Amino acid sequence: MKMTFRWFGANSDTVTLENIKQIPGMTGVMGFLDYKAAGEVWLTDEIEKYVSEVNSAGLECEVIESVNVHEDIKTGTGNRDKYIENYKITIRNLAKYGVKVIVYNFMPVFDWLRTDLARLIPQDGSSSLYFNEKDLGEMGPLDIVKRTAEKSQGFSLPGWEPERLAELEKTLKQYENISESKLLENYKYFLNKIIPVCEEVGITMACHPDDPAWPIFNLPRVAHTQQGFEKILSLNNSPYHSLCLCTGSLASNPENDIPSIISKFGELNRVACLHIRNIKTLGYRHFRESAHLSSEGDLDMYEIVKAMFRFCPNVYVRPDHGRMIWNEAARPGYGLYDRALGAAYLNGLWEAVVKNETK
Ligand code: DNO
């Protein structure tokens, strides 16, 4: 396990590299250039600047997150080849600076989705991201975008880039004739073009699950069950086509058995990263994010870490979203304190699992 932390860059993050370095056991960041629009090439000088800053702080940058896939690729329009060519250049550019894994998603239109970004947890006065499908029922996609932007307190949110969302109406129209099988066909086309480049330069693509783990607004989504991942992985058999399993995203559907999903795909050598966080189910399609500790939410973190140790012990991990605690003001889900507590807890579980499993 390599413990990492998501970092949005010096101009965009309230958390500093020094903060991250001081978290015990932290080896690196999952990097992100949050100003890049989907479809744009990530230029070498931008990557070099980011990576060298991270390295100067004594941290690695072997994983980059959210190289977003343009909607024209997902919907298979006539423009897709141009954007795929750009993606290939970005892969080559990232490889030059030591990047080994790219976390991305193939979710139509929306990346993650919440109905509240700072829901008070009455038990202790902290707050966290929250979702209730009932609230969504009264809103359309445009309302939810407006509301998410209003509640983001001025922070850019990964997957909610303004340029992309400005085009929302047009994009939603583009999806009118896209079924699940069409989406998979377009996904396969994309993979068949980019995976040979990945194999050549040594970069693994890691697909992030749908969050929440079901289709929303009648858009086709496939990455939220074991069967869905099987379909996705069968689109291209290269080990460079892999998964980033996110425990909190998958857990929003209580039918997903997370340790078993990790074991299954880990054993096949198709897990490159894990995002580890916990959620608390409050009702049907209704949950809030919780502290990482097993007793605070629905997930058995010991079993999750054990599955990782047994089936994919070399993956990159990051403590995913934290609550807002100790009066921190930060990007929703991405403050320092609760994620640092999460990292410390996961490191503790890891030590216990390693000792137990190797004695
Ligand atoms: C949410 C993140 C996701 C993830 C992307 C990868 O907080 O886990 O935005 O980075 O889906 O493309």
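**Terms and their grounds**

Trainee: How do the residues of the shell around the ligand divide?

Mentor: There are 5 nonpolar, 6 polar and 2 charged residues in the shell. Ala, Val, Leu, Ile, Met, Phe, Trp, Tyr, Cys and Pro count as nonpolar, Asp, Glu, Lys and Arg as charged, and the others, Gly among them, as polar. This is a predicted model: local features need pLDDT of at least 70 and side-chain atom pairs pLDDT 80 or more, while totals for chains, interfaces and linings use all residues. Residues are numbered from 1 along each chain as its sequence is written.

Trainee: Which of the 13 residues around the ligand come nearest?

Mentor: They are Ser66, Asn105, Pro158, Gly159 and His208. A residue is near the molecule if its C-beta atom, placed from the backbone, lies within 6 Å of it.

Trainee: Is Ser66 buried or exposed?

Mentor: A residue is buried if 20 or more other C-beta atoms lie within 10 Å of its own, exposed if 12 or fewer, and partly exposed in between, with C-beta atoms placed from the backbone. Ser66 has 22 such atoms and is therefore buried. Ser66 lies in the loop between strand E3 (60-65) and helix H3 (71-75); helices (H or I, at least four residues) and strands (E, at least two) are DSSP runs, numbered from the N terminus.

Trainee: Why is Trp326 called exposed?

Mentor: Trp326 has 10 other C-beta atoms within 10 Å, so the term exposed applies. Likewise, Gly140 counts as exposed because 11 C-beta neighbours lie inside 10 Å.

Trainee: What makes the 8 strands a barrel, and what is the pairing?

Mentor: The strands close in the order E1-E2-E3-E4-E7-E8-E9-E12, with parallel pairing. Two strands pair if DSSP finds at least two bridges between them. Strand E8 (residues 241-246) and E9 have 4 bridges, in the parallel sense, and Cys244 stands opposite Cys273 in E9.

Trainee: How do you know which strands are the edge strands of the open sheet of 4 strands?

Mentor: That sheet has the order E5-E6-E11-E10 and antiparallel pairing. Strand E5 (116-121) and strand E10 (278-283) each pair on one side only, and these are the edge strands. E10 pairs with strand E11 (residues 286-290) over 5 bridges in the antiparallel sense; Ile279 has Glu289 as its bridge partner in E11.

Trainee: Which residues of the largest nonpolar core touch the most other members?

Mentor: Ile102, Ala206, Ile262, Cys273 and Val315 do, in a core of 95 residues. A nonpolar core is a set of buried Ala, Val, Leu, Ile, Met, Phe, Trp, Tyr and Cys residues joined through C-beta atoms within 7 Å. Helix H9 (residues 180-201) gives the most to this core, 7 residues.

Trainee: With which residues is Cys273 in contact, leaving aside its neighbours within four places in sequence?

Mentor: Contact requires C-beta atoms, placed from the backbone, within 7 Å of each other. The partners of Cys273 include Val63, Ala206, Cys244 and Val315.

Conventions. Two residues are in contact if their C-beta atoms, placed from the backbone, lie within 7 Å.
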